[in-house]
Amino acid sequence: MKRALLLALFLSLSGHALAQAPHTHQHSFSGAEQWAHVFDDPKRDAWQKPHEVIQALNLKPDAVIADVGSGTGYFAVRLANMVPKGRVYGVDLEPDMVKYLADRAKREKRHNIVAVAGASDDPRLPEKADLVLLVSVYHHIDDRERYFRNLRASLKPGGRIAVIDFRMESPDGPPRPARVAPQRVIEELDRAGYQVTEKHDFLPNQYFLMFQPRG
């Protein structure tokens with residue numbers, strides 16, 4: 001019980017589906033209906049600022065987007081509204097989350113959302129993306145340099161990656177030893193062949209970095 005309570009507290013603080021994370025995949029995220037109360041809590045909007053985030057992404061109406069670690073669709077649904085002529089792939093490792101998002105898209109008639117069962121080393125996108133979004137996900141990826149080197153093959157020419165994760169000094173979020181400082185993100189993606197193109201600082205708890213492949 002104590003372990004379950006601690007996990008629930010951590011999830012409520014991070015406010016994003018962690019089912020896609022390799023080292024949290026061992027936890028059961030079945031019962032997505034219950035997890036949706038955590039992931040999609042309206043209180044999250046105050047600090048996650050989804051509208052401002054999506055505006056900053058500067059998306060075209062026909063953009064193809066991959067929301068890696070989509071969970072129950074907190075960002076995927078909002079992104080789908082912004083790309084009516086495009087497509088949003090909600091990627092997760094947890095089968096119950098994938099099923100939940102697929103059912104939600106069908107129920108809400110969001111025909112431009114496609115739920116994808118990803119792998120820990122590959123999002124398994126059905127087509128190349130204009131944007132790959134990772135919110136509260138980066139610090140859970142194993143062998144990040146390899147992951148992002150491989151991810152280049154899933155990007156269209158001019159494709160971008162957005163990384164949003166918790167600042168080291170944030171009072172909320174994962175334990176500090178598990179966090180990754182923004183400068184380290186920049187250095188790791190530099191080694192993977194990317195350059196930072198934008199930095200946004202309007203989120204109270206998180207940094208927000210944009211990248212593109214070099215060359």
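Guide: A charge sits over a ring if NZ of Lys or CZ of Arg is within 6 Å of the ring centre and within 35 degrees of the ring normal. The structure is a predicted model, in which local features need pLDDT of at least 70, side-chain atom pairs count only at pLDDT 80 or more, and totals for chains, interfaces and linings use all residues. Residues are numbered from 1 along each chain as its sequence is written, and side-chain values use heavy atoms, with hydrogens and water left out.

Visitor: Which residue lies over the face of Y74?

Guide: R44 does, at 3.7 Å from the ring centre. Likewise, R152 lies over the face of Y194, at 5.9 Å from the ring centre.

Visitor: How is a pair of aromatic rings described?

Guide: By the distance of the centres and the angle of the planes. Rings of Phe, Tyr and Trp (its six-membered ring) pair if their centres lie within 6.5 Å; planes under 30 degrees apart count as stacked, over 60 as edge-to-face and the rest as tilted. The whole structure holds six aromatic pairs. One of them, Y74 with F75, is edge-to-face, at 5.3 Å centre to centre and 80° between the planes.

Visitor: Is F75 buried or exposed?

Guide: Buried means under 20% relative accessible area, exposed over 50%, partly exposed in between (1.4 Å probe, protein chains only). F75 is buried, with a relative accessible area of 0%, and Y74 counts as buried at 3%.

Visitor: Why does the pair of F148 and Y194 count as edge-to-face?

Guide: The ring centres of F148 and Y194 are 6.4 Å apart and the planes stand at 90°, so the pair is edge-to-face.
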